[in-house]
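I opened the model and kept notes as I went through it. The entries follow in the order in which I looked things up.

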Amino acid sequence: MEKPKYHIFVCASFRAGGDPKGVCHKKGALEFLPYIENEILDRGLDAQVTSTGCLKGCDHGPVMVVYPQGYWYGNIESEDMIDQILDALEDGGSVKEFLIA
Ligand code: FES
């Protein structure tokens, strides 16, 4: 198995018990998954997107993390914001105003 160059984690709010709690899924984070997947394909990015359990940044939800860079993005509420994040990733950087950590 080959590892992707970038791994994008999108919070789906799941807790250890299995039920989603918190804000990310309520604010539409899961709807971003197919959008990000399509953008990865369209852009030819060597990246993978995965939903996760609660990333413990609920106050900043929806939360999205990009590894290996360790960019923690918060309050991601539009496809335009995701486009900016992916544009920055292609340019080798981050969108600093969206970073929460
Ligand atoms: S529900 Fe997304 S960070 Fe907690």
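I began with H2 and asked what lies over its buried residues: the cover includes E1, H1, E3 and E4. I note here that the model is a predicted one. The buried residues of H2 are Ile 82, Ile 85, Leu 86 and Leu 89. Looking down the axis of H2, I find them within an arc of 95°, so they line one face of the helix.

I then checked the length of H2. Its twelve residues should span 16 Å at 1.5 Å a residue, and the end C-alpha atoms are 16 Å apart, which agrees. Just after H2, Gly 92 has a positive phi of about 85°.

**First helix**

H1 has twelve residues and reaches 16 Å from its first C-alpha to its last, close to the 16 Å expected at 1.5 Å a residue. Which residues of H1 are buried? They are Phe 32, Ile 36 and Glu 39. They cover an arc of only 60° around the axis, which puts them on the same side of H1. I note that Glu 39 is on this list of buried residues. On the other side of H1, I find Pro 34, Asn 38, Leu 41 and Asp 42 exposed.

The buried residues of H1 pack against E1, E2 and H2. Just after H1, Gly 44 takes a positive phi of about 70°.

**Chain as a whole**

I stepped back to the order of elements. The chain has two helices and four strands, and from the N terminus on they run β-α-β-β-β-α. The radius of gyration is 13 Å, close to the 13 Å that the globule rule gives for 101 residues, so the chain is as compact as a globular protein of that length. Along the principal axes, the C-alpha atoms fill a box of roughly 35 × 35 × 20 Å.

Of the 101 residues, 30% count as buried. Among contacts with a separation of 6 or more, 59% come from residues 24 or more positions apart.

**Strand pairing**

I followed the bridges from E1. E1 and E3 run antiparallel and are joined by four bridges. Phe 9 has Val 65 in E3 as its bridge partner. E3 is also joined to E4, by three bridges, and these two strands run antiparallel. Here the bridge partner of Val 66 is Tyr 71 in E4.

E3 and E4 form a hairpin with three residues between them, and Gly 70 in the turn has a positive phi of about 75°.

**Core**

Which residues touch the most other members of the largest nonpolar core? Of its 22 residues, I list Ile 8, Val 10, Cys 11, Val 63 and Met 64. E1 (6-14), H1 (32-43), E2 (47-53), E3 (64-67), E4 (71-73) and H2 (79-90) each supply at least two residues of this core. H2 gives the most, with four residues.

I took Val 63 for a closer look. Leaving aside neighbours within four places in sequence, Val 63 is in contact with Cys 11, Cys 24, Leu 55, Gly 57, Trp 72, Tyr 73 and Gly 74.

**Backbone exceptions**

I finished with the backbone, bearing in mind that most residues other than glycine have a negative phi and most peptide bonds are trans. The bond from Gly 61 to Pro 62 is cis, with omega near -5°, and Pro 62 is in the loop between E2 and E3. The bond from Tyr 67 to Pro 68 is also cis, with omega near 15°. Pro 68 sits in the loop between E3 and E4.

Next I looked for positive phi outside glycine. Lys 56 has phi near 65° and lies in the loop between E2 and E3. Is Lys 56 buried or exposed? It counts as exposed, because it has 9 C-beta neighbours inside 10 Å, and the cut-off for exposed is 12 or fewer.

Asn 75 has phi near 55° and is in the loop between E4 and H2. With 17 other C-beta atoms within 10 Å, Asn 75 is partly exposed.

Conventions
Residues numbered from 1 in each chain as written. Predicted model: local features only at pLDDT ≥ 70, side-chain atom pairs only at ≥ 80, totals over all residues. Core = buried A, V, L, I, M, F, W, Y, C linked by C-beta atoms within 7 Å. Buried ≥ 20, exposed ≤ 12 C-beta atoms within 10 Å, placed from the backbone. Contact = placed C-beta atoms within 7 Å. Expected span 1.5 Å × (residues − 1). Arc of directions from axis to C-beta. Rg over C-alpha atoms; globule rule 2.2 N^0.38 Å. Pairing = 2+ DSSP bridges.
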